[in-house]
Amino acid sequence: MKIKRDGREYELTTAELTEAYFEQLSNYDIQDCKNGIQTIIDDDIDERTYVVAAKRVLHDEDLLAECAAKMRRNIDKYDMDWSYARDEAVRSVVSQVQSELL
């Protein structure tokens, strides 16, 4: 694949394309997790411990990356559909943080 940058044309190697693909896939997975967590926060009217934990995950890059990795593993290893894989990953990470808060 060729790209243009700063008026010059570059040829990307297969390794560079693969790396870029997986990096972008991870970015999408993180955004999917953020959306799932935001739904938990938006749907709850009180400040239960679970919602407090969800807010903490939403603002922690490492926890979001963990959530995205779990989601991707659920899809790739366990053949879950996207929405179920995301919901399970979000539940897992938020529950883990919740248990630390208690």
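Buried means under 20% relative accessible area, exposed means over 50%, and partly exposed lies in between (1.4 Å probe, protein chains only). This is a predicted model, where local features need pLDDT of at least 70, side-chain atom pairs count only at pLDDT 80 or more, and totals for chains, interfaces and linings use all residues. Residues are numbered from 1 along each chain as its sequence is written, and side-chain values use heavy atoms, without hydrogens and water.

Helices here are DSSP runs of H or I, at least four residues long, numbered from the N terminus.

Now look at charge. Side chains of opposite charge can pair when their charged atoms come close. A salt bridge puts a side-chain nitrogen of Lys or Arg within 4 Å of a carboxyl oxygen of Asp or Glu. The whole structure has 7 salt bridges. One of them joins Asp44 and Arg48, with the closest N and O atoms 2.6 Å apart. Asp44 is buried at 17% relative accessibility, whereas Arg48 is partly exposed at 40%.

Arg91 bridges to Glu88, at 2.7 Å between the closest N and O atoms. These two residues sit 3 apart in helix 4, so about one helical turn separates Arg91 and Glu88. Elsewhere, salt bridges link Asp29, Arg72 and Asp76 in a network.
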